[in-house]
Structures are given as structure tokens and as C-alpha cells.
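Look at the sequence and structure first, then read the points below.

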Amino acid sequence: MTDDTVPSTPVPANPVPTNPVLTNPVPSNLVPDAGVASAPKPARASGKRWLVAALVVACLAVVGLTVLTSYLWTVHEQYVAQNQELRDAATDLGTDVAATRAALEELQADLDETTAQLDVAKDTINGLANSEAQAGDDRLALIDVADGLQECAEARQNLIDHLNEASRWTPESLAASERSITKYCDRVEDAYDEVVNG
Amino acid sequence: MASRAAVTRGVSAAFVGMAALVLAGCSSLPQSPEPLPSSFIPDIEASSTGNTPDDVVAGFTALEREALRVRVRTCEAYGTGSAFAIDDTHAVTNRHVAEGATDMTLTGYDGTRYAVKSSVLSPDSDLALLTIEGTLPNIARLADAEPATGDILTIAGYPLGEALAVREGPYVASVPDDLDDAPDLVYQIDAESHPGNSGSPVANEAGEVVGVLYASDDVHTSFAVSLPTLERFLDNPDDAERNRATCEAQG
């Protein structure tokens, strides 16, 4: 177990075989005299220190894990709470959406009905306006026919007056007047028939 | 002393390693959830459904309300046509509707009647301008531009002197006026119209008047006086002819 390259360094008779730290070279000023055989004592002290260190590390690890676990638990609780809050909000919104859809369908039905009624009302207005316009056309035509009939009556009365004084007029002129008046009155009667019977 | 230093170094290394592990681990640890917003409902401005256009009143569109029925009495006969208001006292119709009239009455979509006081005729196109007593409530807007080929045009009028009717069809082309031999081109429209529709406003999809219907084949093709011709007529009232009719005594 001796090393030719470090001849002046005594090697413990029973070195700690599993600790790689002990295989490191040791500064010469810390090396004990060759005549002092006290190697086992540092090994035990070093083992204690390592044990303490391990305990400290273990304690720190436990503390760390505890902190980590607490943190994760806290975050988990926050997520659970927020998840519940979101579910509640989603439920409320879903309820609102359902109510809004129902109201919308009702409004759409009302709108359809109103639109249908509006179409009917429009047709009614259009029909009434048309009827009034047609009545106005007929009224105008009837007024003209009435005027024509009045003129016809007056013309026939004039003809009768002329016939009563037939001696003052030539038969030809009386016949011509009668033909003219008859033609005019026939046209008025035709107009009357057209207005009345279409 | 050597072992103590070694332990110190080892413990320090362990601390450093643990600290590094903790720091590295913290970056991948789940964070607390973000606070929730006060409301999940965004502010959305209400928009129109498009079911009820703004220009609809009592079920009638603006163009329908602007269309007028014309009743004409001449020395020889009665006739009907269509017209539309261009301001509160004037309406436009066809020359062949108004020419020779001894009496004219306009009727609105709701049956309101307006007596025509006087009228003037275009010397070179089938247009006439009527002046009414009272006030016309629904004024048509003239378009800023002529229609493009394929544009859907709407005709609102009183075919055969009957009820108000609306027809639609695409603008086909500008063609010579074979009927009146007028100098201007006229619009050919693939839409049905009939006698009585003469003078009807022809509107684009915005409801603006682009022409005045004056002829049809009584099946599916209609013809309209163009927008430039209408604008020229309205811009030059001094060029118009007085519409006078004197009936000779009958008998």
C-alpha cells in the first residue's frame, strides 16, 4: 500500500477504505511526524463530522421538502378555489346564455309574427290606396259622363225647341242637328256603360 | 484539521448544490393562478340584425314611398302612369304620360292625393316635370353615378294603373332609343314592366334613382331614360316646353 512517489508520507495501517477524500495528497506541513502513530483518531473525528454534515444536509433537505410541499399545497388549494370560482362563473354564464337564447327565440317568434302582420298591413294599405285611386278614376269618369249626359239633355231640349218652331228651320238642318245630337248622346251612353260595366 | 476542512468543503458544496437545485426547481414549480377578471362578458356594441332596414316605414321601402301614381285626363281619354318626387313640390314622369293632359292627379303609396298645377315637357327626351299643390313628403335621391352592367336595378310603379308593385332585374346595357329616336342612349333592364309603369323611378341597390322607366316589351325587358339625360333635363328648366292642352268643343 505504499506509494513510491510519496515516500515520506506514512500511510495509516488501517485506512478508511470507502472515503475517497483520504486518498488525496496531504500538504507536507500538516503531515505528522513519522514516529507518531496516531492515525485512527482523525478517522473517527472525520467520520463524526461527516455524520453531522449528513444530518445537517438531511435536516435541510427535510426543511426544504416541507417548504416545497407547503408551497405546492398552497398553490394547489389556490387552483382548486379558482377552479370552483370558474365553474360557478361558467354555470352562471350558461344560465344567462340559456335564458338569453330562450328570450331571443321568443323575440324572433314575435318578430316573425309582427313581420307577417306588417306584410298584411302593407298589402291592406296598398289595396286600400289602390281602391281609392280606382274609385277616384271612376268618379272622374262618372263626373265626365254626367256632364256629357247633361249636355246631351240640353242639346235634345234645344232640338225639341227647334222642332216646336220647325217652320223657322229647314228640315235638312233639323235632321242634321238630330243626327249630331244623337251621335253625341250615343257616345255619352257608351261611355256611361263603359264606366258602369267596365 | 484536514478532515474538518474537507467536511466544510463538502458541506459547502452540498449547500451550493442544494441551492442550485432549489433555484433550478423553483423555475419549474407551478405558480399561483392569475387573478380572475371581474367579468367574463366582453363589451360588444349591439349591431343591427338587418331584418328591418332603416328606410322601411309601415312595411314600405323608401323607393316604394317615393313612387307616385299619375292619373291623367286628356281631351280624348283617361290614362295612368307613374312618377316620383324630386323635391317637395315637383315630380318627374314621362313626357308621353303628361303630354296633352287637361287634368292630372298624383297618388302616394298611402292613398294621399296631390293635384298637379302645371307641367313642362322635355324637348328631346321622354321626361316631364310636374308641379303640384301641397307638399310631397317622400323625396327621391338621385345617384351620383350611372349603374354598371349587371347591377340589380329596382322599378317601383303602378303597372296598368293598379296597385303599387316593385320589380327587380339586372342592368344589361346602354342602347339607342329606337322608340323615340332620341339622341341619348337609354338603359336596357331585364325586368318586367307594363303600361302604367311609365315614369317609374329606377333605382340602384342603394335606393338612389338612376333612371326613369319609359318603355317595355310587356314581358321581361324594360327601358329607362338614363341618369345623365334626367340630370340635364332638371338642370335646364328653361329648355322645357309648357304642357298645354285645349280641347275642342264636342258635338
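In strand S12 of chain B, Ser222(B) and Ala224(B) point one way, while Phe223(B) and Val225(B) point the other way. All of them are buried (20 or more other C-beta atoms lie within 10 Å of the residue's own; exposed means 12 or fewer, partly exposed in between; C-beta atoms are placed from the backbone). Strands (E, at least two residues) and helices (H or I, at least four) are DSSP runs, numbered from the N terminus.

This is a predicted model, in which local features need pLDDT of at least 70, side-chain atom pairs count only at pLDDT 80 or more, and totals for chains, interfaces and linings use all residues. Residues are numbered from 1 along each chain as its sequence is written, with chains lettered from A and ligands numbered from 1 in the order in which they are written.

**Partners of S12**
- S9 (residues 185–189) of chain B runs antiparallel to S12(B), joined by 4 bridges; strands count as paired if DSSP finds at least two bridges between them.
- Gln188(B) has Phe223(B) as its bridge partner in S12(B).
- S11(B) is also antiparallel to S12(B), again with 4 bridges.
- Ser216(B) has Ser222(B) as its bridge partner in S12(B).

**The barrel**
- In chain B, 6 strands close into a barrel in the order S7-S8-S9-S12-S11-S10, with antiparallel pairing.
- From one strand to the next, the twist averages 45° (axes are lines fitted to C-alpha atoms, for helices over the stretch in contact; angles run from 0 to 180 degrees between N-to-C directions).
- S10 (residues 201–203) and S11 (residues 209–216) of chain B pair antiparallel over 3 bridges.
- Pro201(B) stands opposite Val212(B) in S11(B).
- Helix H4 (residues 227–235) of chain B packs on the sheet and touches S11 and S12; its direction makes about 105° with that of S11(B).

**The whole chain**
- Chain B has 4 helices and 13 strands.
- Its radius of gyration is 37 Å, well over the 18 Å of the globule rule for 251 residues, so chain B is more spread out than a compact globule (the radius is taken over C-alpha atoms; the rule is 2.2 Å times the number of residues to the power 0.38).
- The C-alpha atoms fill a box of roughly 150 × 35 × 35 Å along the principal axes.
- Buried residues make up 38% of the 251 in chain B.
- Of the contacts in chain B with a separation of 6 or more, 61% join residues 24 or more positions apart (contact means C-beta atoms, placed from the backbone, within 7 Å).

Terms used:
Two residues are in contact if their C-beta atoms, placed from the backbone, lie within 7 Å.
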